[in-house]
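Subject: Structure handover

Hello,

Here is the structure I promised you. Please open it first, then read my notes below.

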There are 8 protein chains.
Amino acid sequence: MTEPFANLDFDREKRCGFPEFIFGAGKTPEQIADIMKQLHKAGKPVLATRLKPEAIPVIRREIPEAEIHENARTALMRDYVQKRPGTVAVVCAGTSDLPVAEEACDTLAICGITARLIPDVGVAGIHRLLNRIEEIRKADAVIAVAGMEGALPSVIAGLVAAPVIAVPTSVGYGASFGGVTALLAMINSCASGVTVVNIDNGFGAACACARMLNRIQVTD
Amino acid sequence: MTEPFANLDFDREKRCGFPEFIFGAGKTPEQIADIMKQLHKAGKPVLATRLKPEAIPVIRREIPEAEIHENARTALMRDYVQKRPGTVAVVCAGTSDLPVAEEACDTLAICGITARLIPDVGVAGIHRLLNRIEEIRKADAVIAVAGMEGALPSVIAGLVAAPVIAVPTSVGYGASFGGVTALLAMINSCASGVTVVNIDNGFGAACACARMLNRIQVTD
Amino acid sequence: MTEPFANLDFDREKRCGFPEFIFGAGKTPEQIADIMKQLHKAGKPVLATRLKPEAIPVIRREIPEAEIHENARTALMRDYVQKRPGTVAVVCAGTSDLPVAEEACDTLAICGITARLIPDVGVAGIHRLLNRIEEIRKADAVIAVAGMEGALPSVIAGLVAAPVIAVPTSVGYGASFGGVTALLAMINSCASGVTVVNIDNGFGAACACARMLNRIQVTD
Amino acid sequence: MTEPFANLDFDREKRCGFPEFIFGAGKTPEQIADIMKQLHKAGKPVLATRLKPEAIPVIRREIPEAEIHENARTALMRDYVQKRPGTVAVVCAGTSDLPVAEEACDTLAICGITARLIPDVGVAGIHRLLNRIEEIRKADAVIAVAGMEGALPSVIAGLVAAPVIAVPTSVGYGASFGGVTALLAMINSCASGVTVVNIDNGFGAACACARMLNRIQVTD
Amino acid sequence: MTEPFANLDFDREKRCGFPEFIFGAGKTPEQIADIMKQLHKAGKPVLATRLKPEAIPVIRREIPEAEIHENARTALMRDYVQKRPGTVAVVCAGTSDLPVAEEACDTLAICGITARLIPDVGVAGIHRLLNRIEEIRKADAVIAVAGMEGALPSVIAGLVAAPVIAVPTSVGYGASFGGVTALLAMINSCASGVTVVNIDNGFGAACACARMLNRIQVTD
Amino acid sequence: MTEPFANLDFDREKRCGFPEFIFGAGKTPEQIADIMKQLHKAGKPVLATRLKPEAIPVIRREIPEAEIHENARTALMRDYVQKRPGTVAVVCAGTSDLPVAEEACDTLAICGITARLIPDVGVAGIHRLLNRIEEIRKADAVIAVAGMEGALPSVIAGLVAAPVIAVPTSVGYGASFGGVTALLAMINSCASGVTVVNIDNGFGAACACARMLNRIQVTD
Amino acid sequence: MTEPFANLDFDREKRCGFPEFIFGAGKTPEQIADIMKQLHKAGKPVLATRLKPEAIPVIRREIPEAEIHENARTALMRDYVQKRPGTVAVVCAGTSDLPVAEEACDTLAICGITARLIPDVGVAGIHRLLNRIEEIRKADAVIAVAGMEGALPSVIAGLVAAPVIAVPTSVGYGASFGGVTALLAMINSCASGVTVVNIDNGFGAACACARMLNRIQVTD
Amino acid sequence: MTEPFANLDFDREKRCGFPEFIFGAGKTPEQIADIMKQLHKAGKPVLATRLKPEAIPVIRREIPEAEIHENARTALMRDYVQKRPGTVAVVCAGTSDLPVAEEACDTLAICGITARLIPDVGVAGIHRLLNRIEEIRKADAVIAVAGMEGALPSVIAGLVAAPVIAVPTSVGYGASFGGVTALLAMINSCASGVTVVNIDNGFGAACACARMLNRIQVTD
């Protein structure tokens with residue numbers, strides 16, 4: 001029973017357009033497994049993010065049918081996912097940014113949204129991005145994931161008409177300040193209409209997309 | 001002739017889904033008036049933002065038919081605006097946040113999007129926000145404008161399913177650091193899927209909405 | 001004998017209205033246990049805070065009758081507590097903020113003040129807070145504990161007439177900067193009369209309440 | 001008529017225990033004078049703070065009976081003030097901190113609370129503070145105002161049992177960062193139970209005292 | 001006679017490979033004009049940078065033959081410039097970055113180096129940069145000038161083999177922090193071998209190029 | 001096969017003038033060894049930097065012929081290095097700065113450039129630097145490596161005509177902020193034409209030199 | 001009569017070893033002139049620092065015999081100065097640092113201490129400093145004044161055995177952050193035993209010297 | 001033989017007035033033991049500071065006659081210490097500041113200067129400081145060690161005429177930022193003539209005292 005530590009919010013989907021997720025950072029492995037089971041039993045799609053390393057074997061043992069992505073630090077149960085219209089391109093600058101991009105993809109998956117991962121197209125080799133731009137232009141929204149100088153969203157937003165959500169990552173060292181430089185760069189994007197989420201917050205970027213695509217669903 | 005100082009980008013609308021805007025901060029009043037005329041002659045809707053006080057009489061004199069909003073520091077010419085589907089609620093915390101909210105409204109107007117301004121619903125009097133929540137829920141996107149502790153977007157995002165774009169303002173003093181505190185608070189919103197633009201960037205928030213509503217238009 | 005490392009200040013209660021507490025962070029487990037015994041022998045209520053993990057088994061072994069709260073990282077001996085008038089509502093935003101809230105509750109307990117813990121009422125689900133507001137209004141003071149964007153105290157202070165002491169927590173990631181964002185947000189609260197203590201300082205917030213309730217006691 | 005720019009909140013006194021105040025920073029002189037008149041007509045005590053220099057002659061002309069404190073940048077109308085029990089000592093470190101201390105005193109006055117100003121007792125001449133300590137000890141709450149290294153609240157809180165609200169001021173230069181150093185120092189006070197408000201926020205400290213003394217009133 | 005305020009360093013050219021320049025920010029207009037005359041009399045090329053507005057009429061009056069660039073805030077006397085081999089491309093992101101780019105061009109000119117200015121090729125319209133890339137590739141060094149998110153140097157450095165010196169500018173607002181965000185972004189460039197100078201320091205970037213081209217000269 | 005995690009960029013040498021390097025920080029030991037082998041097989045010189053301690057035994061086992069520098073955290077294979085003209089002096093302030101200086105030397109070696117290491121010439125014993133200055137003056141470029149107050153590049157740049165690339169290191173404690181103070185000091189160098197790379201980025205400084213010496217090669 | 005705004009502290013000389021000084025920043029011109037007269041009448045040496053421009057004509061008119069240094073923003077009356085043993089070298093990096101150096105010299109003069117000003121010996125031309133080093137070595141204490149990268153104190157402290165007090169100045173631009181970079185650099189000096197005062201605080205550095213030379217006086 | 005990693009500077013004593021010390025942070029245990037032996041063999045007093053835990057058993061084994069202070073993280077060999085005139089009071093605020101104070105005492109001891117440790121006199125219990133003030137007043141210099149709000153040096157400097165060197169410590173949590181708040185507070189001391197060293201730099205404060213007392217020695 002989870003009451004002692006959290007009131008599950010089964011109405012959130014109606015209120016906010018996406019299911020309740022489990023933020024693993026501040027919970028014990030046992031608490032996470034418990035909530036996962038409870039949500040699953042209630043017929044909800046299940047996603048736990050920010051799993052600490054010690055949580056993974058516990059979930060594996062307790063819920064063998066859960067799908068676990070170690071890099072992305074996520075655990076998923078897709079049974080009750082309902083497919084929605086809309087596609088999101090999740091574009092990322094370097095291979096070290098992949099875990100954050102994957103957290104975004106997993107979150108989109110649980111929301112029923114199609115995600116297309118386009119990795120390793122950082123701006124220091126601009127031809128790599130240009131080679132994939134037609135594919136990116138087809139998406140209804142773009143999540144642009146980058147660390148270091150965080151320039152990727154600016155370049156993309158100059159090339160597409162869809163909304164661009166920028167995710168700064170903690171990839172870098174020295175004066176990257178754990179992602180703060182990328183965050184600031186993205187906030188100051190010279191391309192109009194880029195919006196930004198917290199450092200390494202692939203999850204939040206996906207939720208923002210879900211909010212946008214809620215409307216597409218409605219207006220269809 | 002404007003060549004010496006800027007190459008106008010008449011293709012941007014196709015590429016990014018909204019017209020070229022004039023960022024007044026780094027231009028002389030004469031340059032601004034020139035570009036406004038040129039865009040208008042080309043049959044484009046016209047918006048100049050961040051007008052410095054000395055620009056206003058010049059524009060008034062040079063382009064008497066332009067609509068000028070002194071608070072918002074904007075000048076508009078609506079002739080060629082094409083109406084689009086979709087409504088955006090522009091919600092703001094205090095009366096001092098109004099100029100930023102109005103910049104957002106003017107930008108939406110020039111993009112052909114209906115904006116609904118909901119002022120003075122800061123979180124220290126939560127009943128004021130709750131009284132207007134049904135109205136806010138009807139919008140396809142919400143722009144939440146607040147300075148000081150920047151809490152408004154978190155509360156709203158817990159109450160609506162639409163995308164919430166948070167605009168921190170420089171309203172405040174002392175440790176508000178010209179809007180940095182509000183910006184950081186919004187980036188750390190405990191409500192999932194809030195995205196953030198630069199301080200006082202009502203314009204950018206509106207562009208983000210235009211990008212989102214591009215898709216509604218497309219999928220209709 | 002504790003002289004080598006600390007002069008106990010048995011007059012503090014008279015001077016400041018609350019007993020001497022033991023700040024465990026900079027002391028060895030043995031020093032903590034020693035001072036606890038010494039205070040207890042002197043007929044004082046005993047509270048040690050910020051216990052490091054290695055301190056807990058030592059205290060358990062040395063002072064089996066002490067009450068230990070692992071989450072809150074506190075050890076208590078309530079024998080000589082003297083009950084005082086006044087109630088404090090300790091309200092917290094998320095389950096991860098609980099240890100800080102519990103440190104506040106334990107400190108209040110040792111001061112003889114009644115604490116009422118109201119957990120998990122963060123602003124992203126404002127109905128949860130509104131459901132408990134009558135209970136909060138009954139308190140003589142409110143301690144509002146929150147991490148991330150730190151918005152809870154502003155909302156509460158708009159709803160109650162009692163003093164609101166805001167405690168930022170280090171809960172969050174990325175641009176939460178270990179609680180600095182929440183601290184700054186609380187310092188900039190748009191609700192008048194909110195006061196703030198250091199990050200994770202549930203103890204200090206409780207002491208502030210004890211100082212306030214000193215006066216109630218006096219004026220009764 | 002004030003509607004266009006602000007909804008007056010006549011219920012605030014019931015809700016928060018003090019009247020609505022007028023924050024002058026973001027309003028035109030005419031708006032301020034208007035709201036002052038409106039509140040006065042409604043039988044409320046009136047306080048406008050943070051007056052810009054240009055507001056003062058306007059208020060003087062429009063409301064000749066208003067009391068104006070140029071240093072504190074305040075305008076008051078005391079007609080409907082209702083006296084309450086309780087005294088607050090407003091202690092300040094240097095002569096440059098006086099305007100902030102006076103803003104606190106004026107706010108207390110409008111709340112009906114007795115304020116006692118104790119100026120120029122900075123810690124670099126500790127005998128000055130010790131000479132006045134008995135007077136300070138008699139107060140129900142202490143507001144300690146200081147810039148530069150912001151040490152005053154720590155010393156006072158070690159000497160009195162009443163609540164101590166620390167107000168950092170922007171007095172200083174270089175690495176005082178407009179009061180940020182004093183703010184941080186106060187947040188880190190080694191004296192237990194000090195709480196802090198924003199830089200130069202004498203007003204907020206007084207509101208915090210009003211909240212505390214609400215309770216004394218109630219329990220009398 | 002300039003002794004009272006500065007010892008001119010006529011050996012610097014031998015020691016550092018470029019002449020002594022006059023940093024106008026901390027000098028009176030009269031001092032600047034004096035030093036300009038003195039250097040000119042000594043048969044040196046003359047450049048004064050960072051002229052304050054009040055310096056310009058004084059220099060115009062005192063040294064009518066000097067060339068003054070108001071935007072770049074520079075005054076030049078090219079008489080004794082000695083042409084050197086080598087070309088530098090000075091590339092800048094937006095029209096507001098032009099004054100910094102021009103300061104770089106003027107400094108290069110006085111060092112006898114050919115500068116080619118390539119304006120208005122910011123990354124939000126990447127085609128503009130790509131259209132000019134062959135021209136940039138011909139240069140022996142590139143100075144990349146950009147404010148806001150400062151992404152330009154990263155993109156260029158991925159496309160050219162020459163050294164890229166990044167100059168952050170104070171162009172931007174809000175969280176651009178007067179150029180700090182651009183500076184940090186450039187320091188964190190994901191393109192290898194980008195080096196960075198201070199904010200708005202077009203002059204310093206040009207000096208760095210002069211140092212590099214010293215060697216070309218030597219090895220020819 | 002490395003495709004899943006990185007597209008090797010065999011054209012970079014032509015485009016940027018130096019080979020592809022392996023940044024070890026974000027890769028598993030196995031990935032690093034794989035890429036090293038692949039590059040070697042393609043007839044490229046090989047350098048892996050920022051090796052984590054656990055990578056070293058793996059590389060040793062997998063590629064016994066690789067040269068490993070534990071201090072510098074690098075692994076090299078020099079077989080296909082092509083010697084180029086030009087010498088770089090790598091000057092460092094203290095013995096703790098050596099690993100960063102050595103990373104620079106190894107990178108230069110793989111680019112075919114002669115490096116001369118001049119250690120332990122910090123400015124607090126200026127005679128040590130002056131004793132070596134003639135040697136430094138012979139170099140075509142200088143890399144100046146320093147932590148703490150980061151003063152070395154300023155002193156050197158006043159003594160040599162070659163380009164000076166400043167590398168701040170994370171050597172220091174307290175208010176050195178992991179190298180940020182040295183970085184800021186170097187950005188503010190009073191010597192004209194110093195350029196700066198990220199903290200501890202010996203690699204990047206060497207790449208900047210390679211870019212400069214590309215041109216010497218071309219013009220010979 | 002000065003009572004309303006400040007209690008003069010005639011005992012300070014006995015207590016702290018130097019007279020009371022007048023910090024002009026927070027006082028009106030009339031207050032400053034008043035206190036100057038009062039101290040002079042009491043037979044004290046008089047120094048007012050940080051005079052605002054508008055204070056200078058008032059002091060000139062009110063106290064024609066006062067000596068005014070406009071650059072240093074000081075006013076002095078030397079009548080009652082008592083000469084003490086000891087000499088202080090006040091060394092400064094650039095001509096823009098002179099006002100701060102002169103404030104130090106004036107303060108020393110009023111304390112009766114001999115000051116020797118050694119200007120324009122910044123580290124980018126190290127020969128200038130070395131030319132004057134014997135003179136500096138003769139002093140009992142050294143005040144080293146520098147802005148930008150603040151390297152001067154480190155170099156000097158490696159060359160002299162006397163105490164070195166570092167004064168960062170606000171000279172610089174961009175990432176000098178108004179002197180913060182110089183302050184941090186000095187705090188991180190690699191030379192042992194350098195101590196630091198606030199930005200532009202020539203006055204404080206002189207007071208520190210007076211404290212040191214108090215002791216020389218005593219032990220003679 | 002130590003050459004590979006450091007050139008010992010046997011002349012430093014003549015140049016700077018104190019012997020060469022060993023900064024243990026960046027050296028291996030074996031290197032530290034080696035240098036200690038070498039200095040001792042040369043007839044010098046020996047002090048190693050900032051020993052890492054793993055260095056202590058190595059030194060104990062290699063140099064059994066060395067005196068090791070685990071708290072202060074120092075190792076000493078006092079054989080060749082030469083006693084000098086002068087006494088320094090090392091005053092510290094809390095028991096957690098003791099290691100830093102002890103590092104200062106050990107450094108003074110090796111310089112031949114008498115140190116008097118006065119612990120646990122923090123400003124929140126001002127009577128403790130006042131009880132010891134006569135003892136402090138007898139010293140030729142005062143080192144004031146404090147973390148958190150760093151107020152101790154200000155209070156002391158108002159009570160003594162000797163030089164006061166402030167040492168901020170990393171004691172504290174949350175917004176103490178590892179000692180930055182204490183550092184800033186000390187830099188902004190309202191008491192004239194306080195000078196400051198780096199965080200936790202007890203060693204540097206002692207060296208500053210040695211520099212001061214050099215002069216006493218000379219002038220005796």
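Between chain G and chain H there are zero salt bridges. A salt bridge here is a side-chain nitrogen of Lys or Arg within 4 Å of a carboxyl oxygen of Asp or Glu. Polar contacts do occur: 14 residue pairs across the interface of chain G and chain H, both residues at pLDDT 80 or more. A polar contact is a pair of N or O atoms within 3.5 Å; within protein, one must be able to donate a hydrogen and the other to accept it, and residues adjacent in sequence count only if both atoms are side-chain atoms.

Two notes on the source. This is a predicted model, where local features need pLDDT of at least 70, side-chain atom pairs count only at pLDDT 80 or more, and totals for chains, interfaces and linings use all residues. Residues are numbered from 1 along each chain as its sequence is written, chains are lettered from A in the order in which they are written, and side-chain values use heavy atoms, with hydrogens and water left out.

Back to chains G and H. Chain G gives 39 residues to the contact, and chain H gives 39 residues. Contact means heavy atoms within 4.5 Å. The buried area is about 3000 Å², with 52% from carbon and sulfur atoms. Buried area is the accessible area (1.4 Å probe) that two parts lose on being put together, summed over both. On the side of chain G that touches chain H, α9(G) gives the most, with ten residues. Helices (H or I, at least four residues) and strands (E, at least two) are DSSP runs, numbered from the N terminus. By class, that side of chain G has 21 nonpolar, ten polar and eight charged residues. Ala, Val, Leu, Ile, Met, Phe, Trp, Tyr, Cys and Pro count as nonpolar; Asp, Glu, Lys and Arg are charged; the others, Gly among them, are polar.

Next, chains B and C. They bury about 1900 Å² between them, and 72% of it is on carbon and sulfur atoms. Ala124(B), Glu149(B) and Asn188(B) supply 29% of the area that chain B buries against chain C, more than any other three residues. Each chain brings 23 residues to the contact. Salt bridges between chain B and chain C again number zero. Eight residue pairs are in polar contact, both at pLDDT 80 or more. On the side of chain B that touches chain C, α8(B) has the largest share, four residues. That side has 16 nonpolar, six polar and one charged residues.

One residue to look at is Asn198(B). It is in the loop between β9 (194-196) and α9 (202-219) of chain B. Is Asn198(B) buried or exposed? Its relative accessibility is 2%, so Asn198(B) counts as buried. Buried means under 20% relative accessible area, exposed over 50%, partly exposed in between (1.4 Å probe, protein chains only). A polar atom of the Asn198(B) side chain lies 2.9 Å from the backbone nitrogen of Ala175(E). Beyond its neighbours within four places in sequence, Asn198(B) contacts residues including Ile187(A), Val167(B) and Tyr173(E).

Last, chain A. Chain A has nine helices and nine strands. Of its 220 residues, 67% count as buried. Chain A and chain D do not touch; their nearest C-alpha atoms are 21 Å apart.

Best wishes
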